[in-house]
Amino acid sequence: MRIRNCAVIGAGLLLAAGCSHADRQARTAGQHGTLKGRAPATRPPAPAPPPPRKIDCDRVKCVALTFDDGPGEYTTRLLDTLKKNGVRATFFMLGENVGAHRAVVRRMVLDGQEVANHTWSHPDLTTLSSAEVRSQIQRTQKAVKDASGVAPTLVRPPYGSVNKRVERAVGMPLILWSVDTLDWRYRDVARDTRVGVKEPKTGGIVLFHDIHKPSVDSIPKVVDGLRRRGFTFVTVSELLMGRRLVPGESYSERTPPPMQVTASPPPSGPPARPPAGSPTTPASPR
Ligand code: NI
């Protein structure tokens, strides 16, 4: 049986044990009932995310900073840094960390940051059954959507570890990286800064972790250095805009656009055959 224990304490605070939402509303109305003749209070409009941007990363020198494994105790400070510098980034979050930082996750969306899925508890997905993989992804989708109002569209597999079966089970585009700062290993602001500024190339995806203090401490200088190099900071979705994103396929950067085929007369004679022993498929980029 449920204990009814809805005491009012102090200046309108409610003792919440056993106290339903309806109870609280009733109490609040009883305390602050509208006075006759006074206009009903109007609520300020709910804050909304900024409109999507259209940045052509084939023409603009784009880079996507990404932050994994949070949200955590340093994430708010990181959001402050990004906002102050007008930087958009992508947060690949663990579902199990979302519940304790719901307001932070909501703020990401309101700040124009991208919220993305890094599984519920960071397992190597190749060691799980397909049903377990789906559970890791779907629970996190729900947690992020509940906290922020936005469901992620991108997944980053922990350790970048995937196989064909995992790709099928995830069923969303998989985002890897072109620069691994190894911030989690060295935990060194100077090193994180140096790597974060020097290594990114146009169209790159840079991997940091916002659960480590030195990583977050390095970001103001990383942003400054990359900006001096002419980079524009975009989310991963912005970076890959205009590219066909296929569920289950992996992406680690924005690749250059396909070569423009110019009209030319058809070659005479049969097409040249490759010499015997030459590879039939191009080498994998990774
Ligand atoms: Ni991770």
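Two residues are taken to be in contact when heavy atoms of theirs lie within 4.5 Å, and this sense of the word applies throughout the description of the predicted model that follows.

In the chain as a whole, the secondary structure comprises ten helices and ten strands. Of the 286 residues in the chain, 41% are buried.

The packing of two of the helices was examined in detail. Two packed helices are described by the angle between their axes and by the distance between those axes. For helix H2, which covers residues 75-84, and helix H4, which covers residues 102-110, the angle is about 15 degrees and the axes are 10 Å apart. Because angles under 35 degrees count as roughly parallel, H2 is described as roughly parallel to H4, and the crossing in which H2 passes H4 is left-handed. On the side of H2, the residues in contact are Thr75, Thr76, Leu79, Asp80 and Lys83, and these meet Val104, Arg107 and Met108 of H4. Sorted by class, the residues of this contact between H2 and H4 are three nonpolar, two polar and three charged.

The model also contains a nickel ion, which is coordinated by OD of Asp69 and by NE2 of both His118 and His122, at 2.0 to 2.2 Å. Along the sequence, these donor residues of the nickel ion follow the spacing D-x48-H-x3-H.

Note on methods. Residues numbered from 1 in each chain as written. Predicted model: local features only at pLDDT ≥ 70, side-chain atom pairs only at ≥ 80, totals over all residues. Heavy atoms only, no water. Donors = N, O, S within 2.8 Å, 3.2 Å for Na, K, Ca; no water. Axes fitted to C-alpha atoms, helices over the stretch in contact; angles between N-to-C directions. Helix = DSSP H or I, 4+ residues; strand = E, 2+ residues; numbered from the N terminus. Parallel < 35°, antiparallel > 145°, perpendicular 65-115°, else oblique. Left-handed = near helix turned anticlockwise from the far one by under 90°. Nonpolar A, V, L, I, M, F, W, Y, C, P; charged D, E, K, R; others polar. Buried < 20%, exposed > 50% of the residue type's maximum accessible area, 1.4 Å probe, protein only.
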